[in-house]
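Biologist: Before we look at anything together, I would like to learn how to read a model of this kind, feature by feature. Could you take me through it slowly?

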Amino acid sequence: MTALAQRHDAVNLGQGFPDTDGPQSMLDAATDAIQGGLNQYAPGMGMPVLRRAVAADRAARYGLVHDPDTEVLITVGATEAITAAVLALVGAGEEVVMIEPYYDCYAAAVALAGAVRRTVPLVPDGTRFALDLDAVRAAISPRTRMLIVNSPHNPTGTVFTGDELTALAHVACEHDLLVLTDEVYEHLVFDGGRHQPLAALPGMAQRTLSVSSIAKTFSATGWKTGWVCGPADLVAAVKTAKQFMTFVGATPLQVAAAQALTQEQAWVVAMRERLQGKRDLLSLALAEAGLRVYASEATYFVCADAGPLGVTDAASLCRELPERIGVAAVPVSAFCDSPTAEQAPWRALLRFAFCKRDDVLEDAARRLQGLRAG
């Protein structure tokens with residue numbers, strides 16, 4: 001979709017990256033670290049200053065206590081953390097249950113491990129998507145090793161409720177499952193909501209690996225600096241896999257990430273408020289263009305159903321939009337195993353990214369009116 005957007009000079013609302021930089025102090029800290037000679041290998045677990053910052057942030061926000069020396073591992077972005085965790089802890093032929101739609105690296109990681117993925121689709125529930133807990137329970141088998149949970153959820157923008165998270169925790173404890181949580185949008189929950197980590201629920205701390213990064217929180221998707229937190233034995237296993245993937249991440253960027261985590265929380269709050277306004281701007285434009293818009297409770301994304309326009313195949317529509325109206329989006333079916341009749345909610349659903357400058361979104365809003373004309 002990005003290539004199509006470039007070819008047709010379209011507004012790219014497909015790929016989830018912002019078009020502005022993170023806090024200036026973070027950028028300056030990276031420059032200072034480079035100029036100050038921090039250009040060699042970081043320790044295998046990551047720079048101590050970042051491990052301490054991550055542990056302190058999770059303790060302050062969620063009451064979760066992690067030993068920064070043994071229970072926090074710095075990775076080359078959240079994607080590496082997820083992949084290394086699956087490779088380290090899931091054996092060939094074992095099963096991994098994930099919630100669909102899912103971030104595409106999950107399926108790749110499971111395949112690399114020689115494991116088997118089992119998907120459980122979210123279901124429409126008014127203006128949001130909800131977890132089908134009966135389907136989750138039905139997906140568990142004697143071969144299930146791991147459950148992957150992404151909340152706040154990409155691509156739908158759903159934030160799982162306390163009841164949904166409690167039910168997932170009960171399933172994990174009942175079946176003695178490992179749980180891998182993707183929490184990269186943890187700080188981007190809107191409308192006064194608050195992220196609740198699964199690891200904080202009863203029985204979950206000892207079985208959960210929690211993954212996050214600075215990419216979305218601090219508008220630095222190109223820095224690829226993330227982390228995984230959890231019990232020391234599980235984190236040690238992840239490190240064993242990770243060290244043969246990238247060895248270590250960029251030393252000066254880790255130092256700058258620590259500076260941002262400890263000093264720039266006010267910037268995050270302001271950015272979250274701006275994003276909420278951008279979400280509202282784009283959601284209104286999509287509704288005025290004739291699409292059915294789902295609530296985006298968090299993340300960079302809003303999903304809209306093109307069914308009211310007579311569309312039955314969002315993938316085909318997305319391939320047409322850059323040339324037809326000059327806007328690029330992503331079909332939600334791209335995040336699903338089989339966007340067939342039994343998963344009809346995905347067939348006409350498009351994901352739009354609103355993490356762009358207001359003038360870009362306003363331009364996109366004008367162009368989206370071309371959908372009605374079409």
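This is a predicted model: local features need pLDDT of at least 70, side-chain atom pairs count only at pLDDT 80 or more; totals for chains, interfaces and linings use all residues.

Biologist: Let me begin with burial: is Ala 30 buried or exposed?

Modeller: Burial is judged by relative accessible area, and a residue counts as buried when that value is under 20%. Ala 30, whose place is in helix H2 (residues 24–35), is buried because its relative accessible area is 6%. Leaving aside residues up to four places away in sequence, Ala 30 touches Trp 223, Pro 252, Leu 253 and Ala 256. As for Ala 241, its C-alpha atom is separated from that of Ala 30 by 27 Å, and the two residues are 211 apart along the chain.

Biologist: Which way do the residues of strand S2 point?

Modeller: In strand S2 (residues 72–75), Val 72 and Ile 74 point one way while Leu 73 and Thr 75 point the other way, and all of them are buried. Strand S2 runs antiparallel to strand S10 (residues 226–229), to which 4 bridges join it, and within S10 the bridge partner of Ile 74 is Trp 227.

Biologist: In what order do the strands of the open sheet lie?

Modeller: The order in this open sheet of 4 strands is S11-S12-S15-S14, and the pairing is antiparallel. Strand S11 (292–293) and strand S14 (330–331) are the edge strands, each pairing on one side only. Between S11 and strand S12 (residues 301–305) there are 2 bridges, and Arg 292 stands opposite Asp 305 in S12.

Biologist: Which residues touch the most other members in the largest nonpolar core?

Modeller: In soluble globular proteins, nonpolar side chains tend to be buried together. Here the largest nonpolar core has 91 residues, and those that touch the most other members are Val 86, Met 146, Leu 180, Leu 209, Leu 350, Phe 352 and Leu 368. Apart from this core lies another, of 28 residues, among them Leu 131, Ile 140, Leu 147 and Phe 160. Returning to Leu 350, its contacts beyond four places in sequence include Val 302, Cys 303, Leu 317, Leu 321 and Val 332.

Biologist: Which residues form a nonpolar patch on the surface?

Modeller: Leu 87, Leu 112 and Met 245 form that patch, and together they have about 270 Å² of accessible area. Leu 87 belongs to helix H4 (residues 77–89), and it is classed as partly exposed because its relative accessible area is 32%.

Notes: Residues are numbered from 1 along each chain as its sequence is written. Side-chain values use heavy atoms; hydrogens and water are left out. Buried means under 20% relative accessible area, exposed over 50%, partly exposed in between (1.4 Å probe, protein chains only). Two strands pair if DSSP finds at least two bridges between them. A nonpolar core is a set of buried Ala, Val, Leu, Ile, Met, Phe, Trp, Tyr and Cys residues joined through side-chain atoms within 4.5 Å. Contact means heavy atoms within 4.5 Å. Patches are made of residues with over 30% relative accessible area and no salt bridge: like charges are joined within 9 Å, nonpolar side chains (Val, Leu, Ile, Met, Phe, Trp, Tyr) within 5 Å. Accessible areas come from the Shrake-Rupley method with a 1.4 Å probe; for residues, only the protein chains shown count as cover. A salt bridge is a side-chain nitrogen of Lys or Arg within 4 Å of a carboxyl oxygen of Asp or Glu.
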